[in-house]
Amino acid sequence: MASNSDNVVDLFSDSSEGEDFDLESQQSPTIGELDLEARSSLRRLTRGVSSYTDDQSEITEVEYRQLRLEKVILVGVWTEGTIAQIEASLEELVALAETAGSEVLETVYQKRDKPDPGTYIGRGKVSELAEIIQSTGADTVICDGELSPGQMIALENALNAKVIDRTMLILDIFAQHAKSREGKAQVSLAQMEYLINRVRGWGTSLSRQTGGRAGSNGGVGLRGPGETKIEADRRRLRAEMARLRKEIAAMKTSRDTKRQRRDASAVPQVAIAGYTNAGKSSLINALTGAGVLVEDALFATLDPTTRRAELADGRSVIFSDTVGFVRHLPTQLVEAFRSTLEEVMAADVVLHVVDGSDPFPLEQIRSVNTVISEIVAESGQDAPPEIMVVNKIDKADPLVLAELRHKLNDVVFVSAHTGEGIDELETRLELFLNSLDETGVFAVPFDRGDVVSRIHDLGTVTQEEYDATGTVLTARVPKKLARELDAFRVTDREHDDLDVDGAATS
């Protein structure tokens, strides 16, 4: 495929082929490489920053929760599945923690029928965890699940350490990787929606204001602590959430306008969706040669971005990169990142990318399908057709690939890193888009060169002739464009009246 070099835009990428690079060794670094270097520099600067501050009385709960994580212990509850599945789940949690900038010291899991309603892992495991924290010097515990406010309080009191659940960890990663103004606003809103029911005062700083008039006790009936820090934090959160919702609503108008413009262009739209770090953005690189940022990190792509490219038959298409999905994706993120998910529903076809090197790729497919089903149910639209793409076959276990070949139908196996299978994927995509086209004969006057150019750009011209009045093209074009060209369409009888040289018979 050839890439449109004039349409280069910033975007993150979530693939496993990313490597550090030396700016001096490259004459002309790509935008993606510059983004990767900037992100790596930021993480190096933040290493060593303590996740606690000595004066907790001067910070809000929201600020406290958003401090950078450092030395952490991961905790999971094994309720179902095999040992290999719980270990794979904890390995994903390790990757999430490291993406957030943490140093993972140890992982612990507890086998239970269901999480303990009081402490998530039970009193015995809490005592064991406290000993581990004391011996390792860890300052943060990350639980592989969503904790209730009560569970979080109980664990922090028992462990004397900050406790973070899976949802808060993902929100932290999103906050680090959001780049656009809209992406940052969406992340902030999702964080606040999660935190508003979990804020609380710390130590002796519960009361921040006195009741009554300033400088007095307020008199009978007015004495008391006044507005507590908890109430002040929640009031600030509600005000900020209202402001962000208005901003995001205003941004949606601009986004809808851009999408309507793309829809009106009749250029086929291909959305690339899938599990986080499945190699979606690397696949865009392989298909378009765009040279965008590639990093081995979860949730590196947050902002919906597009690339325009040409297929081998000359047809122009638009690829849309989307945020990666993950098991137990927080509800707040599904709602906040609806703009990205809308790109999936607006596409003519979805390339569902699966990480073939993952030990349980079928679990990834189920997680993605669950999220897409929720979007379809809420939108009331039919899900667009999809082409399943298994990526990273160069790193995959042959037994896993054999299982996928046996259980999945109509799948393309590729490696965005080596280029294996990319030609087959392009051919499959061309064949699918051709099935959405209409074939017709169009007689275009000489003074409408713009129409001829549009047919060449968006369709596939199989024959082009000239007569005394203009250009006669036999072409396969998208249905949207075919409706626009009805005024130039030549009927079968009219076509039979043309001689082989394209001139009308007398």
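Over which residues does pLDDT stay under 50 while the model has 35 contacts beyond four places in sequence? The stretch in question is residues 201-219. The points below concern this predicted model.

1. **Overall confidence.** The average pLDDT of the protein chain is 75, and 69% of the residues score at least 70. By element, the lowest confidence belongs to helix H2 (residues 61-65), with a mean of 45. Strand S11 (residues 411-413) stands at the other end, where confidence is highest, at 95.

2. Where pLDDT is low, the predicted coordinates should not be read in detail. I would ask that any discussion of these two stretches carry that caveat.

3. **Packing of H6 and H7.** Two packed helices are described by the angle between their axes and the distance between the axes. For helix H6 (residues 166-177) and helix H7 (residues 181-195), the angle is about 155° and the axes are 9 Å apart. Because angles over 145 degrees count as roughly antiparallel, H6 and H7 are assigned to that class. Their crossing is left-handed.

4. **Residues between H6 and H7.** On the H6 side, the contact is made by Thr167, Met168, Leu171, Asp172, Phe174 and Ala175. These residues meet Val187, Ala190, Gln191, Tyr194 and Leu195 of H7. Sorted by class, the contact comprises eight nonpolar, two polar and one charged residues.

5. **Packing of H4 and H5.** Helix H4 (residues 123-136) packs with helix H5 (residues 149-159) at an angle of about 50°, and their axes lie 9 Å apart. H4 and H5 are therefore described as oblique to each other. The handedness of this crossing is right-handed.

6. **Residues between H4 and H5.** H4 contributes Val126, Leu129, Ala130 and Ile133, which meet Leu155, Ala158 and Leu159 in H5. The class count for this contact is seven nonpolar residues, with no polar and no charged ones.

7. **Threonine 471.** This residue is located in strand S14 (residues 470-478). Its relative accessibility is 7%, so threonine 471 counts as buried, the cut-off being under 20%. With neighbours within four places in sequence set aside, threonine 471 is in contact with Phe442, Ala443, Val444, Phe446, Val452, Glu464, Glu465 and Tyr466.

Technical notes
Residues numbered from 1 in each chain as written. Predicted model: local features only at pLDDT ≥ 70, side-chain atom pairs only at ≥ 80, totals over all residues. Heavy atoms only, no water. Axes fitted to C-alpha atoms, helices over the stretch in contact; angles between N-to-C directions. Helix = DSSP H or I, 4+ residues; strand = E, 2+ residues; numbered from the N terminus. Parallel < 35°, antiparallel > 145°, perpendicular 65-115°, else oblique. Left-handed = near helix turned anticlockwise from the far one by under 90°. Contact = heavy atoms within 4.5 Å. Nonpolar A, V, L, I, M, F, W, Y, C, P; charged D, E, K, R; others polar. pLDDT = per-residue confidence, 0-100. Buried < 20%, exposed > 50% of the residue type's maximum accessible area, 1.4 Å probe, protein only.
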